[in-house]
Amino acid sequence: MNTTTRLDNSEDIVIMRNVNKWYGNFHVLKDINLNVKKGERIVICGPSGSGKSTVIRCINHLEEHQEGEIIVDGIEVGNDVKLIHQVRREVGMCFQHFNLFPHLTILDNLTLAPIWVRNMPKKEAEEIAMKYLERVRIPEQANKYPGQLSGGQQQRVAIARSLCMNPKVMLFDEPTSALDPEMISEVLDVMVELAEGGMTMICVTHEMGFAKRVADRVIFMDAGQIIEESEPEEFFNNPKSERTKLFLSQIIQH
Amino acid sequence: MATSEQMIPDRAPPITQIGPIAWLRENLFSGPLNTLLTIAAFYFLYLVIPPVFEWMFLDANWQGTTRNDCTRDGACWVFIIQRFEQFMYGFYPEDLRWRPNLAGILLVLLIIPLFLKRVPYKGWLALFILLVYPVIAYFLLHGGAGIEEVDTSKWGGLMLTLVLSIFGIVAALPIGILLALGRRSSMPIIRAVSTVYIELWRGAPLITILFMSSVMLPLFLPEGMDIDKLARAMVGIALFQSAYVAEAVRGGLQAIPKGQYEAASAMGLTYWQSMRLVILPQALKLSIPGMVNTFIELFKDTSLVLIIGLFDLLSIIQQANADPNWLGFDTEGYIFAALVYWIFCFGMSRYSLALERKLDTGHRN
Ligand SMILES: Nc1ncnc2c1ncn2[C@@H]1O[C@H](COP(=O)(O)OP(=O)(O)OP(=O)(O)O)[C@@H](O)[C@H]1O
Ligand SMILES: [Mg+2]
C-alpha cells in the first residue's frame, strides 16, 4: 500500500491505515487505507454487505477494528476509552434510521450533547440549536416530539443535532435510503448546503447525483476492500475496474 | 424554552355510533349465543347482588360498642369500627399515633409535587424523598435521639403493611435498575454476578426468604448481635423485590432499538450519561406495567410476614377475629381486609395506566 507518503500530513483529519476487521471468522474489512483532508467530501458506495457502514462506524469507534490504525483529528484511540469520547465529540454521525430520541422534544434532542458533553449552559445550547434548526428549515417544530415529524424532517433534525456539536467531520450512513422518494431531496439539499459551507463529510450513499455534485472523491467498495477511488467525473465516466462498471450499470438502470 | 406539547388524541367517533342502544346491541345482544350469555349473567347477578347488598348495608349494624349491639341479621360493622384504630396502627401507643400520621402526610405532601406539571427542581425533590425522607420517617416512627422510642414489635396494621411495601418498592428500584444494567453489561463478571443474583432470588418464594431472614439469619450472626426482626424482613423484601424489578427493567431495555444506544454513544455521551438521559427514560417507561404488577404482588405478599410474627394488616385482623369477645365475625374482618388491599392495588394499577398515557410521546416502534 502506498499511503506512507501522506502520514504526517496534518491536513488529514481522518487517517485509516491498513485497517482490518473480522466478525468471528468473517473478514469484513481488508486492508482499508483512507485519508480524508479537512474540508474534503468523500462519497462511499458499493454493493450491499461490502462493508461501507463498517468503515465509517470504525471511524467513530462504534465498531472495533482488530488491526491497523485509525487516527481522527490527531487522536489514535488504542485502548484508552477516554480517547474514544474525545474522538466522538469531534465526529458527527447521521444514521439511516435517524435515531432521534423519541422521549425528548426536538429542541432537547439538539441540546442534549452540547449540555452534557460540552458542558454548555442550557440557554446557549438552545440558541445554537435554534440556529441549526433554522439552517435545516424546521425551527417551528422545535417543541414537538420526533414521532410527530415526517421522515425527511426527522433526518434534517438528526443532521442539525450533529451540527450542534460543531463537529470537525460528519459521517452519513445512507441518510436518504429509509425515506420516501418525495422526502429525499429536502435532505439532500441540506447536505449539499453543508458541503458548500466547507464541512468535511464522509457519506455512504447511492445518490449519484449528490456524489457528482459535491464529492471530491468517490470510493467504491466491494467485499470489504476499497476497489476504486477517484474523482466523481472519472469515476462515473471512466471506471477502471469491472466490478465498478457492473455496479454502476446496476445503479443507473435501477 | 422546551415546553412539552401533549399529543393530540385520536378524535372520538360521532355520538350516534356509540349511543347506549347501539352499544347494547353491539356488545350484549350481538347474536343468539351472546344474548343467552347476557341473560344468564344478569340472572346470576340478580341472585347474588341483592342478598349481599342487604347483608352488607340494609341489615348491617353500624352503631354500638360490643357484639351485643349486633343483630346478626346482617354484617356487624361495629366490630370493624371498634377495632379500626388497631387495624391501622397495631399496638403503636395511642398518644404517639400522630407520628406515623405525620410521616404519612409528609410523604404524600412530598410526592404530590412530583406529579404536577411545571414544578421546578423535581430531581432534587426525588432525591430528598429517597435519601432524607427515610431518615425523618425512621425518627418519627421509631424514635431515638431524644424522641420517645417505639419498639418495632409494637408496629402493626396497615401502617406496617405500608412501611414494608413502600420500603420494598423504593429500595428495590435503584438496586433493580443496577441489576438490569449489570445483566446486560459487556463485562462478564458483572453480568454473571447480576444474573446469578436475579435467578437466585427469583427462584425462591418470598415466604422462604422471610423465614430465613427471621429464623436462619440469627444462627449465623455472632452471639449478642441482634438485628431487629422488622429490619430483617424489610431487607429481605427489598432484595427479593429488586430481582423482579430487574427483570421488568431488563424487558424494557431489550425493547430499546440498538440505534438509540449508537446515537447516544456517537454524540460522545459516556455510558452512564447514555443510560440516564437516553436509554433508561425510555426503558423505564416501557417497564412500568411490569413493575407495577410486581409492586401490586409485593403489596399483597407483605401479608406473609404473619409467619414471622409481625402484625401487618391481615394478621392483626386475624388476631382480632380470634378475640373471644368478637368471635364469629371473621367474614366482616376479611371483607374489610380485602377492601383495603383492593383500594391500594386498584389505585396503583390506575396510576400506572395514567402514567403510561402521560409518557406517551407518539413514538411507536
Ligand atoms: N455484528 C455483525 N456480526 C456479524 N457480521 C456482521 C455484523 N455487522 C455486519 N456484518 C456483516 O458485515 C458485512 C458488512 O456489513 P456492512 O453493514 O458494513 O455492509 P454495508 O456495505 O453497509 O451494506 P448495506 O448497503 O446493506 O448497508 C455484511 O456482510 C454483514 O452481514
Ligand atoms: Mg450499511
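This is a predicted model: local features need pLDDT of at least 70, side-chain atom pairs count only at pLDDT 80 or more; totals for chains, interfaces and linings use all residues.
Chain A brings 29 residues to the contact, and chain B brings 27 residues. Together they bury about 2500 Å², with carbon and sulfur atoms giving 61% of that area.

Side chains of opposite charge can pair when their charged atoms come close. Polar contacts join the two chains as well, with a count of 6 residue pairs (both at pLDDT 80 or more).

Which elements of chain A supply at least two residues each to the side that touches chain B? They are helix 2 (81-90), strand 6 (91-94), helix 3 (106-116) and helix 4 (122-135). Helix 3 of chain A gives the largest share of that side, 5 residues. Sorted by class, the side of chain A that touches chain B holds 14 nonpolar, 8 polar and 7 charged residues.

Now turn to ligand 1. The residues around it include Tyr23(A), Phe26(A) and Val28(A), along with the run Pro47(A), Ser48(A), Gly49(A), Ser50(A), Gly51(A), Lys52(A), Ser53(A) and Thr54(A), and also Glu174(A). By class, this shell has 4 nonpolar, 6 polar and 2 charged residues.

Several polar atoms face oxygen atoms of the ligand. A polar backbone atom of Gly51(A) is 2.9 Å from an oxygen atom of ligand 1. From Ser53(A), a polar side-chain atom lies 2.6 Å from an oxygen atom of ligand 1, while for a polar side-chain atom of Thr54(A) the distance to an oxygen atom of ligand 1 is 2.4 Å. Taken alone, ligand 1 exposes 630 Å², and the protein buries 59% of that. Strand 2 (26-37) and helix 1 (52-59) of chain A are the elements that give two or more residues to the shell around ligand 1. Helix 1 of chain A provides the largest share, 3 residues.

Finally, step back to the whole structure, where a search finds 25 salt bridges over all chains. One of them is within chain A: the side chains of Glu69(A) and Arg17(A) meet at 2.4 Å, N to O. Glu69(A) lies in strand 4 (residues 67-72) and Arg17(A) in strand 1 (residues 12-23) of chain A, so this pair ties together parts that are 52 residues apart in sequence.

Terms used. Residues are numbered from 1 along each chain as its sequence is written. Chains are lettered from A and ligands numbered from 1 in the order in which they are written. Side-chain values use heavy atoms; hydrogens and water are left out. Contact means heavy atoms within 4.5 Å. Buried area is the accessible area (1.4 Å probe) that two parts lose on being put together, summed over both. A polar contact is a pair of N or O atoms within 3.5 Å; within protein, one must be able to donate a hydrogen and the other to accept it, and residues adjacent in sequence count only if both atoms are side-chain atoms. Helices (H or I, at least four residues) and strands (E, at least two) are DSSP runs, numbered from the N terminus. Ala, Val, Leu, Ile, Met, Phe, Trp, Tyr, Cys and Pro count as nonpolar, Asp, Glu, Lys and Arg as charged, and the others, Gly among them, as polar. A residue is near a molecule or strand if one of its heavy atoms lies within 4 Å of it. Accessible areas come from the Shrake-Rupley method with a 1.4 Å probe; for residues, only the protein chains shown count as cover. A salt bridge is a side-chain nitrogen of Lys or Arg within 4 Å of a carboxyl oxygen of Asp or Glu.
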